[in-house]
Structure formats: structure tokens, C-alpha cells
There are 2 protein chains.
Amino acid sequence: MKAEIITIGDEILIGQIVDSNSAFIAKELNKVGVSVVQITTTSDDANAIVNSIKQAENRADIIILTGGLGPTKDDITKLILAKYFNTELVFNKDVYNHVESLLAGRGITMNDLNSKQAYVPKNCEVLFNKVGTAPGMLFKQNKKVYISIPGVPFEMKHIITERFIPFIKENFITEEIVHKTVMTQGIPESHLAEKIELWEDSLPLEIKLAYLPQPGIVRLRLTARGKDRTNLLSLIETEIQKLQKIIPEAVYGFDEEKIELAVYKLLKLQNKTMATAESCTGGNISALITSIPGSSAIYKGSVIAYSNEIKHKILNVKEQTINTYGAVSKQTVEEMCTGLLNTFNTDYAISVSGIAGPDGGTDEKPVGTTWICVANKDKLIAEKHLFGEDRGRNIRRATLTALNMLRNNFLKLSTTNY
Amino acid sequence: MKAEIITIGDEILIGQIVDSNSAFIAKELNKVGVSVVQITTTSDDANAIVNSIKQAENRADIIILTGGLGPTKDDITKLILAKYFNTELVFNKDVYNHVESLLAGRGITMNDLNSKQAYVPKNCEVLFNKVGTAPGMLFKQNKKVYISIPGVPFEMKHIITERFIPFIKENFITEEIVHKTVMTQGIPESHLAEKIELWEDSLPLEIKLAYLPQPGIVRLRLTARGKDRTNLLSLIETEIQKLQKIIPEAVYGFDEEKIELAVYKLLKLQNKTMATAESCTGGNISALITSIPGSSAIYKGSVIAYSNEIKHKILNVKEQTINTYGAVSKQTVEEMCTGLLNTFNTDYAISVSGIAGPDGGTDEKPVGTTWICVANKDKLIAEKHLFGEDRGRNIRRATLTALNMLRNNFLKLSTTNY
């Protein structure tokens, strides 16, 4: 099966935004054995869109259009598609009700522009867009499949994963492909490759390994292909169990699981609570944890101490400690944790203090120097890390490292419950 | 002048990397009045590449190929191009010497693969690649211009800005294109469209408007085309001034500026400080502000009060207030701000308390209900907002709304300094 992606949007052609939707779609299609043979970005212009569709038909079985479906005047895709498939726009009651209730939930009343979103081409199958107002549409013609979906990334992702990939699986797939991704934190890609080299070299022929690094995280994706799904699953499970024994401190979860979710689940399971005291990470640990629905069960909050005064006033870090050792020191992060446990009365505490950059570095403590402490009432464990020069990546790495330190030192169970 | 970009690379078609080169090239071309009419990503395959070139010729005057020139693949791409332009590969002494000295600088001696990089099609003009080993190539045929350059971003950028854009400027008189993007917060896209309809309908013919929504933000992009750049700039400025009078509370900046940066710059200019008390936003306001280098000059920190106990203990919210009105109420966010100003001793305070969901909603206070307060010593301004059902987007919207409330109520200057 071959697919083509057509991205509609002048904002990409003028370089205002980078098309990251196509990479997401290509990846999802690849997982079910569909290869993308071309990606085309075209303008919000009827002729350009129709020509792109016609050319894509010559090369592919599946044509995916994204973008051009917003409620405002610059969006014309729906009318073009109705004409292209010789049909007219008709009112769709389900879509109307959905748009109405979605807007009502935001305290917005329907206007004319919103109502128009409930009109869809008569011969299309609606790919219901639960998270937005523009419905996705699926057409079939001459044994080819066409879909048109919004370009807003979270709406696009929703329709691709919840509506379109299931449709493809049901209608077209033959060979079995099994993916499993191992999430690791704390070992740089090149060191990881060395550590697991023997394991990697002895993988069965059915399994391919890919390294997918992000700042602070390396994902190891195992892909198995063959006829028998049960056999592939069992092959992968065996290999992952071997891997976990080699790098237990790094493996925190599977399949795009976020480390904050791994930590949340372990705390929830053990009925424990935590709090954070953040300096250089500036609320990022807190933001990750509170992104999880229900996190208030395990999380009491944070003190973002972006000045020494606050470290002293709320966390009871001694002024003398800061004067003697500096705000970025073992002593300071330890006192931050102690103060946190006393004030927030939680089972665990995390504290971070570092130099995120670009300014503030010295010879002794260059940009990237970061002290992290994790603690409970009985034990304080502090570590010094040296990250890099980029502010954003330093913040990200410190955040992930702190969460993995809590997991490794106090929560443990994570790598045994696969 | 119209251009097309053809990106060669299987790694993009499988979704492993996102094509960010095209956005860079499109932006650079736009600046000199060349518009990009299509971007195509095609595979490392002779037929696919030749077909893409042929189709691009029908639409554009300039065809830009990126990628497919690495040391292992370059003879293929180069051979394809030599054949396409009816010529042969010839040895180029300048390129050879350059590759040799570049590799020597890295302590590498020339091998066969490297030597081949010095062979280029006979009728091409070499776009000298000072920063890498694969030379760029420029061809002319039937009044059209073709270039083939490496896909490695820093090599691509070098050749585009140092070699190709100067060539375009010198050889073609081009139309001017001016873009300006207005950043707005707080008015949903469909309502914005209604509010500015009269203004939009009376825009001069030279200007086109596009709506680019993100959760909590709508960008309005004005594009002007014509012969005289000064005139276009003045036309756009006039229209933006009119727009600012219609929606002054929504317009916080221009050209992809982040709202946290707008707030930071205003505080810095006025030599003021702020702190935050976050419940449902869980550290996201803090994380945005501290992402800015130097933010410690205006930001003292935050209390992430994810439990009522902490609201009371650190922020001095009265237990009676929470019991009577609830944690999500005008009274609670006001007391959070007051407590914050007293403890952190800043000029301004922001507090947020809401129901991010998916759980915790009631008939009276459904998921998405959010109270936000902004304050200084003399004044407390609290607003109730009803966002949507999605936790992540509720957090994002509350975060952006809170920052815009501080700007609108206390910092002001932003929309007058365009």
C-alpha cells in the first residue's frame, strides 16, 4: 500500500511554520505497513489542490489531505472536494450537535461560520473530530481512498490515530508488524550503544532496532515483522527482559510513556505523596506532573524559588548556607528538600538548583552545572550533573533526571512490571 | 517569480525527521520577492526525482533540490542531473582542493568517495560549499534555473544565503512581498472573524489576510505584494494600526512573539517584578517565564499550591474562604494574590485556580471553569473563564489568559510600540 500526503497551507510555503504533521502521519502509516511515496505542500488555491490530488492518484492508493478546514474565509478545501467528487454539501446533524456542544462547553454560542462546519460533502464518510469543530472526511473512488482532515496538530493526531489508522487496519493490512519502544533516561545515546552492543548484535533476525534520541531521553524501538503475531510478541518480550537486566536504572517505561507518568503510577500504587522545590527548572517538573489527570492525589505542589530570598523565606534554606556554598550546591539542594518535607508534609521531595544559562556560569560552576536532591524523611541523596550550554535543553534534562532519580532511589518497581 | 522546493530523502517519508529546510528556504526566497508555490518531498529514487523535476517545471521558474548529496549517494543524484541536462561529469580542481583541505583540517585523508565529490556536471555552475564537502550545482535551461544542494541544514543555509540568494538578486527583478503577523490572545477565531469583518473586507487589494489559530492564540498574517516595498510596509502599518483600535486587548505582539516574552519585556522596561500562585496551571506560567534568559530580573518565583493545605499554609488563604466559596472561586484567587504579594514582595502577582479536568467538575462549576486574578498592592482584578474539556488545552489557555490579563490591566504599553 502506498500513500501520499498533501499539506495545504500558505503558511508553510512562506516558511512561517514547519510541516511537522507529515512526519507524524508517515510514522503512523509505517507502523501498519503503508509507505509514503511523496509529501506535497500546496497553497490554499483550488487549482493547486486539485492538481496535487490528480498527480498523487497516479502514484498512490491513499491520498491524505491536511489543512484548509478552519471556519474562516481563507479555507476552501471542503468546497473543492465536493466539486472534485461530483457532489454537494449537505447538513450533518451529528456534526452540528457536536460543534454546538463543544462551543457551549467553552461558553461560546454558534455563529454562521460555525454552522457552516456542519455541512459536509454528500458522498463522504465523516471522520468524527471529537476534539475540534472541523470534521474529517473520507472518500472512496476507483479503489482509492482519500481523506481530508484539519491541519491543527492535535485534531490531526486524533483523527489519524482514532479514526483513520483503525480504518486502514480493518480494510487493508496483511503482514504483521509489532513495535515496542523501550523508554530510557540518563544514558547518552553513544554510551547506551556501547552498553547494549552484545545484546543488539544477538537480536533475532525478525527484530530490527532503532535509536530515537530526544534531549534527556533515548527511545529504543524494536520492530518485528512476520506472519505470526503471537510469536513476534513473545520474541520481543524475551529481548526486552534481557535488555532490562543490562540497564535497569535507565529503563523507566514503554511505548512513549512519559517519565512523569511512570513516577505518578508508582506513587499512586504505593499511596505516597511528593512535592518539589525548583530553581533552574522553573516549574517544569511541576508542569509535567500536573499534566497528568488525577495528579493531585500524589502531588501537593511546588515552591519555585527563583530568588535566594524565597529559598530562605519559604524553604528555610539558611542564609549562611547560600553565602558559604552558593545557591547551586549540595548543601542548598539538601536544605531545600528538608524545608520542603517539613512544610509540605509529603513522603518524598525533589529539589533542583542549577545554572541554566546562557549567563551566570563561572570557571568553577560553568553553565549546565546542576545539583539535584531527592529525599524522604530518612535519607537525602544529592547528585551533581553537568548538562550543556543550551538553556532549554538544560532545563529539560534537569527535569527528566530529577524524576528518574526519585524513581531509581525510592520507587523502584518500574522495570519489573512489564 | 515562482519557485518550487524538492526535498529528496527517505528519512522524511518514513517520518524519522521533519523537513525544516524547506521553511528556511521559503522564508529567504520570500524576502527577495520569490514565492514558493509547492514543496515536494520525494524518495532517493531516480524516477521519483526526475518526475518531481518535470512537474515542478510546469509551475515554477526556479527549482530547488535539497538532499541526496551525501558522500555515499552523491554520484547517483549527480548522474541523474547530468543525464537530465544532457551532459557528463567532469573533474573540478577547485572543489577537489577544497574537499582535501577541509578533510585535512579534521585529520582525515581523501578516499575514493571523497574524490568523487570533486566531479560535477560539465554545464553546471558550482555553488561553492565552504562548510561541507558536497558542492552545490546550478543549471540553466529554457529560461529556468535549477539548483541542487546538500540537505545538511548548516550546509544548505550557507549555500542559500551566501550563494543562491545573491545570484537571484543579481539576475532577476522580482516582486516585493511583505509579511507581518499580528499575535492575538483571548478571542476565539470565529468571534475574531466577526469582530474584524468590516476591517477585513475593506483591506486594500495588495493585502491578503490569513487566520492561523493555536490553542489560546490566533495569529493574523497580513501579506502584501507589489513593486514598491516602502509603500507595502506603509500599507500594512496603516491597517495594523486600524486593527489595534478594534481589538486592543487581544493584540499583544507581532511576528511569532511569545506572550511570556511580551510580558517580560514590559516588566523589564518598567523595572517591575512579579510572582505567581498556580493551582490548575501547575507551574506552566512559571515554566514559560523562566524559559526566557535573564527572567530572574523580573521574576521571583511561584507557589504551586496543588492542595488546599498549601494555599492556606504558604499563601495565607483563609480556611473559611475555601470552605465557604471553594478552591475555585473569586475569593480564593484574590486571597492567593494578596498572600503572594506579601510573601514575595513583588510589584505584581498572578493567581490561578480552576478545574482542568477530566474529573472534578460539577453542575455549578463544570470542567474548564477557571478563576484568574492579577494584582498589585492597590488593585485586585479577578475574572472567571470557562475553557473546554481537554486538560492540556485548559492549562494552556489559562496560562496564556493569565499573562494577557496582567499585560492588559497593568502593563499596557504593548500595543502602542509597533
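Tutor: Two residues are in contact if their C-beta atoms, placed from the backbone, lie within 7 Å. The model above is a predicted one. In it, A:Glu334 touches A:Cys373, A:Leu380 and A:Ala382, leaving aside residues up to four places away in sequence.

Student: Where does A:Glu334 lie?

Tutor: A:Glu334 is part of helix H15 of chain A, residues 330-344.

Student: What makes A:Glu334 count as partly exposed?

Tutor: The count of C-beta neighbours inside 10 Å is 19 for A:Glu334. A residue is buried at 20 or more and exposed at 12 or fewer. The value 19 falls in between, so A:Glu334 is partly exposed.

Student: Why is B:Ser286 called buried?

Tutor: B:Ser286 has 32 other C-beta atoms within 10 Å. The cut-off is 20 or more, so B:Ser286 is buried. B:Ser286 sits in helix H12 of chain B, residues 284-290.

Student: Which residues does B:Ser286 touch?

Tutor: Beyond residues up to four places away in sequence, B:Ser286 touches A:Gly282, A:Gly283 and A:Ile304 from chain A, and B:Thr276, B:Glu278 and B:Ser302 from chain B.

Student: How many residues of chain B are in contact with chain A?

Tutor: 67 residues of chain B are in contact with 66 residues of chain A. On the chain B side they divide into 29 nonpolar, 27 polar and 11 charged.

Student: What makes strand S13 of chain B mostly covered?

Tutor: Strand S13 of chain B covers residues 274-278, and five of its five residues are buried. Both faces are covered: B:Met274, B:Thr276 and B:Glu278 lie on one side, and B:Ala275 and B:Ala277 on the other.

Student: How do you know that S13(B) pairs with strand S14 of chain B?

Tutor: S13(B) and S14(B), residues 299-305, share five bridges in the parallel sense. Pairing needs at least two bridges, so five is enough. Within this pair, B:Ala277 stands opposite B:Val303.

Student: How many bridges join strands S16 and S17 of chain B?

Tutor: Seven bridges join S16(B), residues 369-375, to S17(B), residues 380-386, and the pairing is antiparallel. B:Cys373 stands opposite B:Ala382 in S17(B). The two strands form a hairpin with four residues between them.

Student: How do you know that strand S2 of chain A pairs with S2(B)?

Tutor: Five bridges join S2(A), residues 35-42, to S2(B), and the strands run antiparallel. At least two bridges are needed, so this counts as a pair. A:Gln38 stands opposite B:Thr42 there.

Student: What is the strand order of the open sheet of 12 strands?

Tutor: The order is S6(A)-S7(A)-S8(A)-S3(A)-S1(A)-S2(A)-S2(B)-S1(B)-S3(B)-S8(B)-S7(B)-S6(B), with mixed pairing. The twist averages 20° from one strand to the next.

Student: What makes strand S6 of chain A and strand S6 of chain B edge strands?

Tutor: Each of them, residues 125-127 in its chain, pairs on one side only.

Student: Which way do S1(B) and S3(B) run, parallel or antiparallel?

Tutor: They run parallel and are joined by five bridges. B:Ile5 stands opposite B:Ile64 in S3(B).

Student: What does helix H2 of chain B lie across?

Tutor: H2(B) lies across S1, S2 and S3 of chain B, at about 160° to S1(B). Its buried residues are B:Asn21, B:Ser22, B:Ala23, B:Ile25, B:Ala26, B:Leu29 and B:Asn30. What covers them includes helix H1 (10-13) of chain A, and helix H7 (153-171) of chain B. Just after H2(B), B:Gly33 takes a positive phi of about 85°.

Student: Which residues have the most contacts inside the largest nonpolar core?

Tutor: They are A:Leu340, A:Ala349, A:Leu406, B:Leu340, B:Ala349 and B:Leu406, in a core of 148 residues. Another core, of 39 residues, lies apart from it, with B:Ile5 and B:Tyr119 among its members.

Conventions. Residues are numbered from 1 along each chain as its sequence is written. Chains are lettered from A and ligands numbered from 1 in the order in which they are written. This is a predicted model: local features need pLDDT of at least 70, side-chain atom pairs count only at pLDDT 80 or more; totals for chains, interfaces and linings use all residues. Ala, Val, Leu, Ile, Met, Phe, Trp, Tyr, Cys and Pro count as nonpolar, Asp, Glu, Lys and Arg as charged, and the others, Gly among them, as polar. A nonpolar core is a set of buried Ala, Val, Leu, Ile, Met, Phe, Trp, Tyr and Cys residues joined through C-beta atoms within 7 Å. Axes are lines fitted to C-alpha atoms, for helices over the stretch in contact, and angles run from 0 to 180 degrees between N-to-C directions.
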